[in-house]
Amino acid sequence: MMMRAASRHDVLRCSTRQSALPDALKGRLPGLLPRVLRGVLSVTAAVLCALPQLSAAQSYPSRPVRIIVPFSTGTAADIVARQLAARLAETWGQGVTVENLQGAGGNVGAAAAAKAAPDGHTLLMLGINHVINPALYQNTGYDLPRDFKPVMKAGSAPLVIIAHPSFAASNIPELVALAKARPGTVNYGSGGNGSVTHLALEMLKSRSGASLVHVPYKGIAQMLTDLMGNQIPLACPAVASALPHVKAGKIKALAVTSAMRSSAFPEVPTVAETGFPDFDVSAWNGLLAPIGTPDEIINKVYVDALKIAQSPEFIEQLRRQGMEPDVLNPAAFRSYIGNELAKWSKLVREAGAKLD
């Protein structure tokens, strides 16, 4: 059976039937139309607002990027930054430079990064100092939650509790028992008041009730020299600092302070394993961007940096320096920073730590 083509009269009849709307619907049309129009305009506005950020992410980076490291060359933060910078430059086809702006425990570089244009072309390599400093300084020159957006936690450097080979204790339970039996006689060195090498053993004091006496130094090098010379019996530096001396038998390792064992000392237990659950202290590092940086750029940096951080070459480079890969995405890193700020603020108050 053949179908005939619709004539103009058929179309008109169809249009007429469709226009014959129910009276109830006719009455609602004046109210419905503005709401529909508002919905269309709202969606259009959202799309238009997103266009500049999408365009910015697609063209990023449009010029060389700098990563501010608020510490000296050769530090854990500097090593992580330079490993990322070299590989990001290859990925982006743009120069990525590392700028060391040290001073005031990392505050100088962080304050400079906070004032940078929020376009992703200046990034900050954050360190654990930056979550401790707000409890030590009246004015750091920046506020982490207010002035920065987290990009990625990149790595961590566990600390290790070490002692002179002649020290009576060879593990944490023996250390705690000794310090309780001879209160005020067991000294430990640190890299300075308020440093993580100071506060890690203050945390052990707080958890165990052991009596340990703090001896602050101006830096790790002299402290290690005195420990190997048996001028002080105990300390808690980063694994990287202690590694060659432990391997040479000049000092002994009692425990690492991170939640997981260190690949540099797989045979050495964690403090948590020795009877102090949830004990976790590491000198970590991660990338931040100035507040106002578009989320699309934050995500691009994260995705590109994540590929690098998961590569065998990057992981191997970190482990050679006594560090471990430890990646968190922007949202998880924000939560982590908030928890770290609260943890160290409480511990600084309990320890009564003051600047040298």
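Colleague: Which residue in β7 is the bridge partner of tyrosine 188?

Modeller: The bridge partner of tyrosine 188 in β7 is histidine 214. As to the basis, this is a predicted model in which local features need pLDDT of at least 70 and side-chain atom pairs count only at pLDDT 80 or more, while totals for chains, interfaces and linings use all residues. Residues are numbered from 1 along each chain as its sequence is written, and side-chain values use heavy atoms, with hydrogens and water left out.

Colleague: What makes β6 and β7 a pair of strands?

Modeller: Two strands pair if DSSP finds at least two bridges between them, and strands themselves are DSSP runs of E with at least two residues, whereas helices are runs of H or I with at least four, numbered from the N terminus. Four bridges join β6 (residues 187-190) to β7 (residues 213-216), and these strands run parallel.

Colleague: Why is the unit of β6, helix α8 and β7 called right-handed?

Modeller: The term applies if, with the strands pointing away from the viewer, the path from the first strand over the helix to the second runs clockwise. The β-α-β unit made by β6, helix α8 (residues 196-208) and β7 is right-handed, so its path runs clockwise in that view.

Colleague: What makes tryptophan 284 and tyrosine 336 an edge-to-face pair?

Modeller: Rings of Phe, Tyr and Trp (its six-membered ring) pair if their centres lie within 6.5 Å; planes under 30 degrees apart count as stacked, over 60 as edge-to-face and the rest as tilted. The ring centres of tryptophan 284 and tyrosine 336 are 5.4 Å apart and the planes stand at 75°, so the pair is edge-to-face. Ring pairs also link Trp284, Phe333 and Tyr336 into a cluster.

Colleague: Why is tryptophan 284 called buried, and how is tyrosine 336 classed?

Modeller: Buried means under 20% relative accessible area, exposed over 50%, and partly exposed in between (1.4 Å probe, protein chains only). Tryptophan 284 has 1% and is therefore buried; tyrosine 336, at 21%, counts as partly exposed. Phenylalanine 333 is buried, with 0%.

Colleague: How do you know that the charged end of lysine 153 sits over the ring of tyrosine 336?

Modeller: The rule requires NZ of Lys or CZ of Arg within 6 Å of the ring centre and within 35 degrees of the ring normal. The charged end of lysine 153 is 4.0 Å from the ring centre of tyrosine 336 and sits over that ring.
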